[in-house]
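Dear colleague,

Please find below the structure that I am handing over to you. My findings follow directly after it.

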Amino acid sequence: MNSTSKKFAGALTALALAAGAAGPVAAQDDTFKIGVITFLSGQAAESFGVPAWNGGKVLVDMLNEGGKLPAPYDQKGFGGMNIEVVLVDEAGGATKQVQEFRNLVQREEVDAVVGYVSSGDCLAVPPVADELKAFTILYDCGTPRVFEDNTFEYVFRTAAHATMDNVSLARYLKSRDVAIESFAGLNQDYAWGQDSWADFTGAMAQLYPDAVVKTALFPKFGAGQYGTEISALLRERPTLVHSSNWGGDLQGFVIQATARGLHERSQIVLSAGDHVIPQLQQKMPEGIYLGARGVNGLAAKARGGELQELTDTLWDAYEAEFGVFPVQAPFRMWQALLGLKTAVEKAMAENGGKKPTNEELAAAMKGLSWDAPSGRIEMALADGHQAIQPNAIGTTKWNAEKGAMELIDIEYFDSRCVNPPAGVKSADWIAQGFPGAQCD
Amino acid sequence: MDLAATILVDGLIYAGWLFIVSVGLTLVFGVLNILNIAHGSLYAIGAYAAASMVGAYFAWGGDAFPYGSYVAMIVAALLVALVLGPLLERGLLRFFYGRDEVLNVLVTYAVFLILEDVMKLIWGVNPYFVYEPYTLLGDVEMGPLFYVGYDFAVIAAAIIVGLAVWLSLNRTRMGKVVLAVIHDSEMSQTMGVNVQRIYLGAFMAGAFLAALGGALTAPMISVTPGLGVNVIIVAFAVVIIGGLGSIPGAAIGALMVGISRAASVHMLPEAELFIIYFVMAIVLLFRPEGLFAKTQARKI
């Protein structure tokens, strides 16, 4: 920006402040640089990383153009600043990601980092973010441990952690009065699968105290073949089979389980299953209870209400560009970037329209709440650093007319019904019978 | 159907698949003395090629005769072997014959990493599906359980592959030449055997078996990047149990791993992974060279 335009921008800012304008008008710098880290290769790329960035790209393009989204997101870029993205592949493990993070902050000099699907990366990066005082948003990973075991000043997670997914499933079963005598689980043998199963069994112990666990299977991540596990589930005949599998593991399990009629013997519930619907379509059996880790994908599209315009605008743009409807991952990227936009503009409103510093951004983000296609996001936990959000569970139903899989009987859960209150660890909250839950 | 029978059936199904995947690995080691890490990539490329081929088959009117998709899967595996076999063996591996075995492992590991990216360049990161062949053969009811007919077709394929490899090696002139090369390649060469051609043929056969394993697996799964990683680890366990380079060893190793894993899933699911390597450790404790490998005098 040359000196003339700087003076012009300064004059405009002064004019806006003098006129009591609510929002910032112009920034000193004209670009806000974001480092976006997500899986562009590896097993999580197809399910989460690539669709998340596809969604991010659609949103960033629309924001940079300006006026494409309904208010309050109709202002160009972030507070008038053009958004520039440095995209980094999350593949390679936590050690590599710590190095990539340092590169982004110290060499690329990004203004904020938005990233991380892997819980391992989400646990490794925050200490470095605080050390470098770099404003960082964890947009996807599910482990509750990030903020339940630590505190960070510059790190925020804009998506609810995984406890919500499994508590919602158990509540869905209860509210539909599904009789459960026994249940079993097939989950991937790493932190995500183990934690999901622990949350689900904990929630079931509260809501279905008489239901017994028949078997808990943990095939290794990427196993692909589940013939023996399906035999075990068929033999045990549990009323319900729970799985938090995702990606190729989930697709393989659904294909093989359906071919052997497991869904006809047991009610199958999938805590994060929506993202395989576009690929499986009719191969996903009807009657599966399924979550999307938030009011995401089909559940958001079917919700209606005041957020519908925002949801439909992004949904249509995504579908037009990529030929497939958006599932959970783009929704989490959208809520992260819209949260960042809200925080940047809030900080600019408070600092006279300048590009905010990391400290100003962190102060603006702390305890913030904003609307996203997935609902109202509130940074309500971990002293304002961890989001809670509403959730939804639905039942799969093939629509022969449209030739598409749909969700029916969708139940929407308020954020405070399925997330623990501030200051309470998830496992304790479940074990104590969800004290403070607001489910009306 | 009682528990023992269920374990046996599940174990046999898994062992059938494991054998197809492992036999090519042990064959290549037996002839070329190379522990081919890229075997996992060839498996994955076989799965991708089969998915593409079967998809094209149905797109071009294959619905009229869906069983033709099985031919498409085999053709896909053949194509992989015909293209990648000579490319890797003539283009790279032959320059490392006689070199340190560890160096060969590193070379094939490099090939594995390169092929992982090549797959992404060709097929992208989105999954490929070919369910049709998986459900074409109907269900098999065994007591209270249903199995997919395709699972038993994989067992049949494993038996056919095993017999074909064994008969080729032991009942044909070419097989005897290959065995001669395995025993002493220098002596075979002095006797007029074209050893280079044998190496190429053996590597192509190994590549075909790897790709066939992938092609047969494709209908059961979503074919996604990273498919070959897990396979190569468990295939190594099988061939080490049976003895590197031994075809019957691969069969016995696959059976031991398949049945012990099935028993674990049914009775002690926490030990599913542990049991495979526990069996391997026990075998190596008593037979460090594997069950069927011949003990060799060590040159000092």
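Residues 67-89 of chain B are 96% helix and 0% strand, with the end C-alpha atoms 33 Å apart; helices (H or I, at least four residues) and strands (E, at least two) are DSSP runs, numbered from the N terminus. This is a predicted model, in which local features need pLDDT of at least 70 and side-chain atom pairs count only at pLDDT 80 or more, whereas totals for chains, interfaces and linings use all residues. Residues are numbered from 1 along each chain as its sequence is written, while chains are lettered from A and ligands numbered from 1 in the order in which they are written.

Residues 145-169 of chain B are 84% helix and 16% strand, and their end C-alpha atoms lie 39 Å apart.

In helix α6 (residues 149-170) of chain B, the buried residues (20 or more other C-beta atoms within 10 Å of their own, C-beta atoms being placed from the backbone) are Tyr150(B), Asp151(B), Val154(B), Ala158(B), Val161(B) and Val165(B). Viewed down the axis of α6(B), they fall within an arc of 105 degrees (taken from the directions from the helix axis to the C-beta atoms), so they line one face of the helix. The face turned away from the buried side carries exposed residues (12 or fewer such atoms), among them Ile160(B) and Leu167(B).

Chain B also touches chain A: the contact (C-beta atoms, placed from the backbone, within 7 Å) takes 33 residues from chain B and 34 residues from chain A.

Technical notes: Contact = placed C-beta atoms within 7 Å.
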